[in-house]
Amino acid sequence: MKRITVKTLQNMKDSGEKIAALTCYSYQPAKIMDQAGIDLILVGDSLGMAELGYETTLPVSLEDIIHHTKAVKRARPRAFIVSDMPFMSYNVTPAATLEAAGRMIKEGGADAVKLEGGKISADSAKLLVDNGIAVMGHIGLTPQSVNKFGGYRVQGRSEEAAAELAAAAKILEASGVFSIVLEGIPAKLAEEITGKLLIPTIGIGAGAGCDGQVLVVNDMLGMDPEFSPKFLRRYENLYERMLEAFKEFSKDVKNSTYPSAEEEY
Ligand code: KIV
């Protein structure tokens, strides 16, 4: 079993094979994803909402990301593991950026780190790449800027904003990132950016023209019935299925039908 590397991902773009990516925060789902052939596992800071109950990604700490990256890493997946640099763990000082990314790689076991932002993050990306760290960019609807955007709004709709995003993608590519996530931008713009870059793009809410797609695992499994953005395809309805299972268990315990004689020692 050959592990996926930045080279594999680049070859996939070059040969036109799409990259399938999912977020993951724990050991057992990572093992299952790997068995399913997922190419890239993202220990995203969506962890904050999906697993830790925060309203945004902003409170997620470096310790949180390292802890969950370790759990994913213990699954020893063939998939390439990318971990999100938490809000304010980069772009503050070069030394802090390097230290945070270094810990994510050394302690967490990530293969690469991801940071949000275009031009503003290019120097941090270059610093990390120059120090031997594989870096993924992330532009468009970058959730760490939710307060600046005034909500989770599609970005790059105006001509000016689209040109700015296209320029940001080129700047990040020049800084040495191996791939860029395009989130929440018009499909046509994502396709244009993808066509202009040599490195692969991974889209979420950015249409079919990207080199790959990523979804938040809890969302694609239908864990939250309230969350249904247009781009989301639900592959399961785990909310309903878990609710039913928990109700059944509770009923069986209260009726004394669990455990049965066969379930006793
Ligand atoms: O944190 C995350 O899950 C992400 C993806 C949505 C790309 O950054």
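Biologist: What makes Glu107 and Gly108 contacts of Lys70?

Modeller: Contact means heavy atoms within 4.5 Å. Lys70 touches Glu107 and Gly108, leaving aside residues up to four places away in sequence. This is a predicted model, in which local features need pLDDT of at least 70, side-chain atom pairs count only at pLDDT 80 or more, and totals for chains, interfaces and linings use all residues. Residues are numbered from 1 along each chain as its sequence is written, and side-chain values use heavy atoms, with hydrogens and water left out.

Biologist: Why is Lys70 called partly exposed?

Modeller: Buried means under 20% relative accessible area, exposed over 50%, and partly exposed in between (1.4 Å probe, protein chains only). Lys70 has a relative accessible area of 32%, so Lys70 is partly exposed.

Biologist: Where does Lys70 sit, and how far is Arg153 from Lys70?

Modeller: Lys70 is in helix H4 (residues 62-73). Helices are DSSP runs of H or I with at least four residues, strands are runs of E with at least two, and both are numbered from the N terminus.

Biologist: Why does Thr97 count as buried?

Modeller: Thr97 has 0% relative accessibility, so Thr97 counts as buried. Thr97 belongs to helix H5 (residues 94-108). Beyond residues up to four places away in sequence, Thr97 touches Met85, Ser89, Tyr90, Asn91, Val92, Ser124 and Leu128.

Biologist: How many residues of the protein chain count as buried?

Modeller: The share is 47% of the 265 residues.

Biologist: How do you know what confidence the protein chain has?

Modeller: pLDDT is the predictor's confidence in each residue, from 0 to 100. The chain averages 98, and 100% of the residues score at least 70. Helix H7 (residues 146-149) is lowest, at a mean of 96. Strand S4 (residues 112-114) is highest, at 99.

Biologist: Which helix and strand counts go with the protein chain?

Modeller: There are 11 helices and 8 strands.

Biologist: Why does the radius of gyration agree with a compact globule?

Modeller: The radius is taken over C-alpha atoms, and the globule rule is 2.2 Å times the number of residues to the power 0.38. For 265 residues a compact globule would be near 18 Å; the protein chain has 20 Å, which agrees. Along the principal axes, the C-alpha atoms fill a box of roughly 65 × 40 × 40 Å.

Biologist: What share of the contacts joins residues 24 or more positions apart?

Modeller: Such pairs make up 57% of the contacts with a separation of 6 or more.
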